[in-house]
Amino acid sequence: MRLASFISTNLDPILIGWVDFARNQLPAATDMDETALLDHGRLILQEIAANMNRPEDDVERQAKSEGNSTEASRSEDVPSRSHARQRERQGFAVGQMVAEYRALRATVVRLWSASVRDSHDMDLEDVIRFNEAVDQAIAESLKAFVTEVDRTRDLFLGVLGHDLRGPLSTIAACAHLDARMRPGNASQAGVVLRSVAQMRALLDDLLEYTRHRLGAGLAVDPTNLQLDEFTRQTLDEIAAISTGHTLELEAVGAMDGEWDARRLHQALSNLVFNALKYGRPDSPVHVKLDGTRADEMRLTVSNVGEPIPPELLPKLFDPLVRADGDQTPSDSQLAGANLGLGLYVVREIATAHGGTVSVTSDAAATKFELRLPRACQRKATLPR
């Protein structure tokens, strides 16, 4: 009997053998009931048998062996993908899920070989097709499993970032109250409030990151702005909670345009705080607004400090990227390593406005340049 037919007509004994094999291979799953271990097994076997019965050429065979079958369904309801999502929700590790497929493969081959009278009757082509089909199912399962893990992580981070705002607001309110009731403690309260402001900025970045990762994108609501006035107000806010640096503003050309004030405040704050953190304490942070072009505004934030290593420049705006090696922040302009989400959020805000952000860094200065169309081109972003 051909292997595909054997699978179709012997689903029950194969699944029973699979359960027994899987229990031995997955010690962590020994407490799972039979229904959990059998879930999707029948549909996966039927999918594999149907895959084996489809004609294929050499190109399709190679693609399937790499998990990239051109014949594979893109539907999320494919059994192998549904199985992976459920296993992730049940708490399986990815290695445990792959071991299930290993058990399924071994069970089918063992039972089929026991059913044939002569080993020569075991068609090599059938074995090859079976292994290709199983590999395709594993590839689909792994992709769906990793996607589900990423989504769960992003949901957790989003909820964490949102829920931490409550206790943070309580801390800020208590610090304000303490400063009013005990003026002698105003300096200590100021330290707390500055830390609260920094934590809020980090939470804002985290929420924007998870919002984009979950597919919502960055919404923008452009209004008329005078960018020099807006920037001066933003720098005054930052100066009130920062010490040790001078903030300079230079503005040339026309300053009017249509941008999202909240998003632009966030982008400018991230760039300035980045410059404050990694610039030399004895040098100013310089912000320049260049409105000499009719269709574009250029906003540059520059600071003097150790240059960003060239190998880090392509990674600057990626989220959660760390520098390699043993450098400490005092050794290098690790703003370029983007140890958080701030620069990533700046890029997403620029993209949402139809603009760009870039960086140059040398011994003279590190400069981040935000280029924005004078009139915002988009009302919402844009999954990339």
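Colleague: What makes the pairing of R371 with E369 a salt bridge?

Modeller: A salt bridge needs a side-chain nitrogen of Lys or Arg within 4 Å of a carboxyl oxygen of Asp or Glu. In this predicted model, the closest N and O atoms of R371 and E369 are 2.9 Å apart. That value is within the cut-off, so the pair counts as a salt bridge.

Colleague: Why is E369 called buried?

Modeller: Buried means under 20% relative accessible area. E369 has 19%, so the label is buried. R371 has 29% relative accessibility, so R371 counts as partly exposed.

Colleague: Which residues do salt bridges with shared partners join into one network?

Modeller: D318, R347 and E348. The whole structure holds 12 salt bridges.

Colleague: How do you know that R105 and D135 form one of them?

Modeller: Their side chains meet at 3.1 Å, N to O. The cut-off is 4 Å, so the pair qualifies.

Colleague: Why does that pair tie together separate parts of the sequence?

Modeller: R105 is in helix α7, residues 94–115, and D135 is in helix α8, residues 124–163. The two parts are 30 residues apart in sequence, so the pair ties them together. R105 has 22% relative accessibility, which makes this residue partly exposed. D135 is also partly exposed, at 29%.

Colleague: What makes R232 and D236 a salt bridge, and where do they lie?

Modeller: Their N to O distance is 3.6 Å. This is within 4 Å, so the label holds. Both residues lie in helix α11. They are 4 residues apart there, about one turn of the helix.

Colleague: Why are R232 and D236 called partly exposed?

Modeller: Partly exposed covers the range between buried, under 20%, and exposed, over 50%. R232 has 34%, so R232 falls in that range. D236 has 42%, so D236 does too.

Colleague: Now S80. Is S80 buried or exposed, and how do you know?

Modeller: Its relative accessible area is 0%. That is under 20%, so S80 is buried. The residue lies in helix α6, residues 79–89.

Colleague: What makes the meeting of S80 and E140 a polar contact?

Modeller: The distance between their side chains is 2.6 Å. A polar contact needs N or O atoms within 3.5 Å, so this one is inside the limit. Beyond four places in sequence, S80 is also in contact with residues including I44, E47 and S141.

Colleague: What about S141: buried or exposed?

Modeller: Buried, because S141 has 0% relative accessibility. S141 is in helix α8. Its side chain makes a polar contact of 2.6 Å with the side chain of Y101. Leaving out residues up to four places away in sequence, S141 touches S80, A84, M97 and Y101.

Colleague: What makes a group of residues a nonpolar core, and which members of the largest one touch the most others?

Modeller: The members are buried residues of nonpolar kinds such as Val and Leu, joined through side-chain atoms within 4.5 Å. The largest core has 40 residues. L264, V272, V301 and L370 touch the most other members. Elements that each supply at least two residues include α10, α12, β5 and β7. Helix α12 gives the most, with 7 residues. Leaving aside neighbours within four places in sequence, V272 is in contact with L235, I238, L247, V287 and V301. A second, separate core has 24 residues, among them L11, M52, Y101 and A133.

Colleague: How many helices and strands does the chain have, and how much of the chain is buried?

Modeller: There are 13 helices and 7 strands. Of the 384 residues, 45% count as buried. Among contacts with a separation of 6 or more, 74% are between residues 24 or more positions apart.

Colleague: How confident is the prediction, and where is the pLDDT below 50?

Modeller: The chain averages a pLDDT of 78, and 77% of the residues score at least 70. Over residues 322–339 the pLDDT is below 50. This stretch still has 46 contacts in the model beyond near neighbours in sequence. Residues 378–384 are also below 50, with 21 such contacts.

Notes:
Residues are numbered from 1 along each chain as its sequence is written. This is a predicted model: local features need pLDDT of at least 70, side-chain atom pairs count only at pLDDT 80 or more; totals for chains, interfaces and linings use all residues. Side-chain values use heavy atoms; hydrogens and water are left out. Buried means under 20% relative accessible area, exposed over 50%, partly exposed in between (1.4 Å probe, protein chains only). A polar contact is a pair of N or O atoms within 3.5 Å; within protein, one must be able to donate a hydrogen and the other to accept it, and residues adjacent in sequence count only if both atoms are side-chain atoms. Contact means heavy atoms within 4.5 Å. pLDDT is the predictor's confidence in each residue, from 0 to 100.
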